[in-house]
Amino acid sequence: MKKMMSLLMALVIAVSLAACGSAQTGNKEEAKTENTASNKLEQIKAKGVLVLGTCADYPPYETHAIVDGKDEIVGFDIEIAKEIAKALGVELKIEDMDFDALLVSLNSDKVDMVIAGMSANEERAKAVDFSMIYYNPQQKIVIRKENLNDLTSLEAFNGKTIGVQKGTIQEEFADKNMSGANKIALGKIPALIMELKSGKSDGLVLEEPVAAAYVGKNDDLAIAALDVVIEEDNGSSVAVKKGEKELLAVIDQTIKTLVEEKKIDEMVVEANKWMEQD
């Protein structure tokens, strides 16, 4: 009986070793396929995963939110990344890290691309390649419709009250260009909308897609007929490792399609809803 058990154990061990050997061989073959790929695009397709590097502290571009009881990274940058992964036919994996670690991680192959509301300035362009700009919205000022004929210039807000969201380029704009106006800075756009509708403020600086969405839902609001130019805003692009032209071509084509179909504006409006969570 012991001999029979010994033979059975030996058979089990042999089968297990064979299975392990097959798995190791499979892993080696997979690694070999990735290593022999001539460019990043082929490597991504070989492993079936696109690794995104981002810094999820910049809503509505990317931020943490509780979705169905779980912490997830959401935002319109993430939605763009999903579309790029879809175009490649692979899964998306998100790596959240400090902003100043993103390009280092990209160039050390820890991530395949970076989407983080990043502008393609001259210094960064020396280290990595950038896609076409995917988001560079105009800025608008939402006012009460009754004031359409009066608030037609920035100077017209002198002595009045302007609303802005805390920590945004819109707040910086108001500080620099609307110093004659009082300022209300709050964390959430719906609260700012209520301030405007109740008469506690006279205008609210918002990105155009967001402004249009709120005006569309509030008959008493309108977009002021004046230009708002934020010089510091150079738009946002996707970063990839230098020389990865094949991957960049897919990214650019995906962005081009999203822009032409106005899908990114829709993504921005949806992403702003995550900012309204407590």
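The exercises below, each with a worked solution, concern a predicted model of a single chain.

**Exercise 1. Describe the overall make-up of the chain: how many helices and strands are there, and what share of the residues is buried?**

Begin with the secondary structure, which comes to 10 helices and 13 strands. Finally, take the contacts in the chain with a separation of 6 or more: residues 24 or more positions apart account for 68% of them.

**Exercise 2. Determine which residues of helix H8 are buried and which elements they pack against.**

Helix H8 spans residues 208-217, and its buried residues are Pro-209, Val-210, Ala-211 and Tyr-214. The elements against which these buried residues pack include three strands, namely S8 (139-144), S11 (203-207) and S12 (221-223). The remaining partners are helix H7 (189-197) and helix H10 (263-272).

**Exercise 3. Trace the network of salt bridges that contains Lys-40, Lys-47, Asp-109, Asp-112 and Lys-241, and state what its pairs tie together.**

As a starting point, side chains of opposite charge can pair when their charged atoms come close. The cut-off for a salt bridge is a nitrogen-to-oxygen distance within 4 Å, and by this rule the count comes to 14 salt bridges.

Consider the pair of Asp-109 and Lys-40, whose closest N and O atoms are 3.1 Å apart. Asp-109 lies in the loop between helix H4 (102-107) and strand S6 (113-114), whereas Lys-40 lies in helix H2 (residues 40-47), so the pair ties together parts that are 69 residues apart in sequence. The two partners can then be described by accessibility: Asp-109 is partly exposed, with a relative accessible area of 41%, while Lys-40 is buried, at 6%.

Continue with Asp-112 and Lys-47, for which the closest N and O atoms are 3.4 Å apart. Asp-112 lies in the loop between H4 and S6 and Lys-47 in helix H2, so this pair ties together parts that are 65 residues apart in sequence. Here Asp-112 counts as buried, at 3% relative accessibility, and Lys-47 counts as partly exposed, at 28%.

**Exercise 4. Classify both partners of the salt bridge between Glu-261 and Lys-263 as buried, partly exposed or exposed.**

The closest N and O atoms of Glu-261 and Lys-263 are 3.3 Å apart.

**Exercise 5. Locate the negative surface patch and describe where Asp-57 lies.**

The patch is formed by Asp-57, Asp-96, Asp-98 and Asp-100. Asp-57 lies in strand S2 (residues 57-58) and, at 57% relative accessibility, counts as exposed.

**Exercise 6. Examine the backbone of Asp-68 and Asp-109: what is the value of phi in each?**

For Asp-68, phi is near 55°, a positive value in a residue other than glycine. Asp-68 sits in the loop between strand S3 (62-67) and strand S4 (70-74), where its relative accessibility of 79% makes it exposed. For Asp-109, phi is near 65°, again a positive value in a residue other than glycine. The place of Asp-109 is in the loop between H4 and S6, and Asp-109 also belongs to the salt-bridge network of Exercise 3.

Definitions and conventions: Residues numbered from 1 in each chain as written. Predicted model: local features only at pLDDT ≥ 70, side-chain atom pairs only at ≥ 80, totals over all residues. Heavy atoms only, no water. Patch = residues over 30% accessible without salt bridge, like charges linked within 9 Å, V, L, I, M, F, W, Y side chains within 5 Å. Areas by Shrake-Rupley, 256 points an atom, 1.4 Å probe, with all protein chains shown as cover. Salt bridge = Lys/Arg side-chain N within 4 Å of Asp/Glu carboxyl O. Lys, Arg positive; Asp, Glu negative; His and termini not counted. Charge placed at Lys NZ, Arg CZ, Asp CG, Glu CD. Helix = DSSP H or I, 4+ residues; strand = E, 2+ residues; numbered from the N terminus. Buried < 20%, exposed > 50% of the residue type's maximum accessible area, 1.4 Å probe, protein only. Contact = heavy atoms within 4.5 Å.
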